[in-house]
Amino acid sequence: MSNSPTEPKPSYVKLAMRNMVRKGGTSMKHFALTAVGLLAVLVGLAYLTR
């Protein structure tokens, strides 16, 4: 396990990818929900602060 300054935590990404592949549908649904929620928050903030 090499800690190079360019990639501080490559294991996190690998773990997340493996988890997504294993879980399949649920993680994709959760990802979609999170993306929609984030987008809604950003649009709401943009609307409020215009």
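Trainee: Why is Lys14 called exposed?

Mentor: This is a predicted model, so every value is computed from it. Lys14 has a relative accessible area of 55%. Exposed means over 50%. The value passes the cut-off, so Lys14 is exposed.

Trainee: Where does Lys14 sit?

Mentor: Lys14 belongs to helix α1.

Trainee: How do you know whether Val13 is buried or exposed?

Mentor: Val13 has 53% relative accessibility. Buried would need a value under 20%, and exposed needs one over 50%. Val13 therefore counts as exposed. Its place is in helix α1, which covers residues 10-23.

Trainee: Which residues make the nonpolar surface patch?

Mentor: Tyr12, Val13 and Met17 make it. The patch covers about 360 Å². A patch residue needs over 30% relative accessible area. Val13, at 53%, clears that cut-off.

Trainee: Why is Met20 called partly exposed?

Mentor: Its relative accessible area is 34%. Buried means under 20% and exposed means over 50%, with partly exposed in between. The value for Met20 falls in between, so Met20 is partly exposed. Met20 is found in helix α1.

Trainee: What is Met20 in contact with, leaving aside its neighbours within four places in sequence?

Mentor: Met20 touches Ser27 and Met28. Contact means heavy atoms within 4.5 Å.

Trainee: How far apart are Met20 and Phe31?

Mentor: In sequence, they are 11 residues apart. In space, the C-alpha to C-alpha distance is 9.7 Å. Phe31 lies in helix α2, residues 25-48.

Trainee: What makes Phe31 count as exposed?

Mentor: Phe31 has 54% relative accessibility. The cut-off for exposed is over 50%. Phe31 passes, so the word exposed applies.

Trainee: How many helices and strands does the protein chain have?

Mentor: The chain has 2 helices and 0 strands.

Trainee: What share of the protein chain counts as buried?

Mentor: Of its 50 residues, 2% count as buried. The word buried needs a relative accessible area under 20%.

Trainee: How much of the accessible surface belongs to carbon and sulfur atoms?

Mentor: The share is 71%.

Terms used. Residues numbered from 1 in each chain as written. Predicted model: local features only at pLDDT ≥ 70, side-chain atom pairs only at ≥ 80, totals over all residues. Heavy atoms only, no water. Patch = residues over 30% accessible without salt bridge, like charges linked within 9 Å, V, L, I, M, F, W, Y side chains within 5 Å. Areas by Shrake-Rupley, 256 points an atom, 1.4 Å probe, with all protein chains shown as cover. Salt bridge = Lys/Arg side-chain N within 4 Å of Asp/Glu carboxyl O. Helix = DSSP H or I, 4+ residues; strand = E, 2+ residues; numbered from the N terminus. Buried < 20%, exposed > 50% of the residue type's maximum accessible area, 1.4 Å probe, protein only.
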